[in-house]
Amino acid sequence: MSIVLNAAQIADLINATCSEPRSLLGYHEFVRKQDLPVALVRVLERDALEVSVFWEDESEASARPLTQLHPAGLFEGRINYRRPLVPYRLLVRYRD
């Protein structure tokens with residue numbers, strides 16, 4: 001899987017035609033030579049204006065904003081790579 005979503009993948013997610021949405025959404029690690037992996041979170045949250053992510057054992061103040069890839073509510077961004085892996089949480093701000 002590529003770290004960057006292409007236009008067809010974005011369209012499949014937005015139009016709910018992706019046969020394996022979990023392969024694109026959620027937490028993913030991308031291995032890099034001689035460096036820590038890139039840890040990336042992708043979220044499809046309809047009608048969201050902003051989404052931020054933080055590790056469950058961190059405070060909300062440490063939440064990192066995700067970049068909006070599509071106005072229908074597709075966001076992505078990096079989160080610090082860590083072990084042991086713990087759940088992450090999202091802060092979401094909606095239109096209303």
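**Salt bridges**

I looked up the salt bridges and found eight in the structure. I took a salt bridge to be a side-chain nitrogen of Lys or Arg within 4 Å of a carboxyl oxygen of Asp or Glu. Side chains of opposite charge can pair when their charged atoms come close.

I noted that this is a predicted model, where local features need pLDDT of at least 70, side-chain atom pairs count only at pLDDT 80 or more, and totals for chains, interfaces and linings use all residues. Residues are numbered from 1 along each chain as its sequence is written, and side-chain values use heavy atoms, with hydrogens and water left out.

**Arg 83 and Glu 29**

I went to Arg 83, which meets Glu 29 in a salt bridge at 2.6 Å, N to O. The two sit in distant parts of the chain, 54 residues apart: Arg 83 in the loop between strand 6 and strand 7, Glu 29 in strand 1. Strands here are DSSP runs (E, at least two residues), numbered from the N terminus. I then checked exposure, with buried meaning under 20% relative accessible area, exposed over 50%, and partly exposed in between (1.4 Å probe, protein chains only). Arg 83 is partly exposed at 46%. Glu 29 is partly exposed at 30%.

I stayed with Arg 83 and looked at its peptide bond to Pro 84. That bond is cis, with omega about 0°. Most peptide bonds are trans. Pro 84 is in the loop between strand 6 (74-78) and strand 7 (88-94).

**Around Gln 34**

I moved to the loop between strand 1 (26-32) and strand 2 (35-44), where Gln 34 lies. Its phi is near 55°, a positive value in a residue other than glycine. Most residues other than glycine have a negative phi. Gln 34 counts as exposed because its relative accessibility is 85%. I also found a salt bridge between Asp 35 and Arg 32, at 3.4 Å, N to O. Asp 35 is partly exposed at 49%. Arg 32 is partly exposed at 35%.

**Around Asp 47**

What is the phi of Asp 47? I read a value near 70°, positive in a residue other than glycine. Asp 47 lies in the loop between strand 2 and strand 3 (48-55). With a relative accessible area of 45%, Asp 47 is partly exposed. I found that Arg 95 forms a salt bridge with Asp 47, the closest N and O atoms being 3.6 Å apart. Arg 95 lies in the segment after strand 7 and Asp 47 in the loop between strand 2 and strand 3, so the pair ties together parts 48 residues apart in sequence.

Methods: Helix = DSSP H or I, 4+ residues; strand = E, 2+ residues; numbered from the N terminus.
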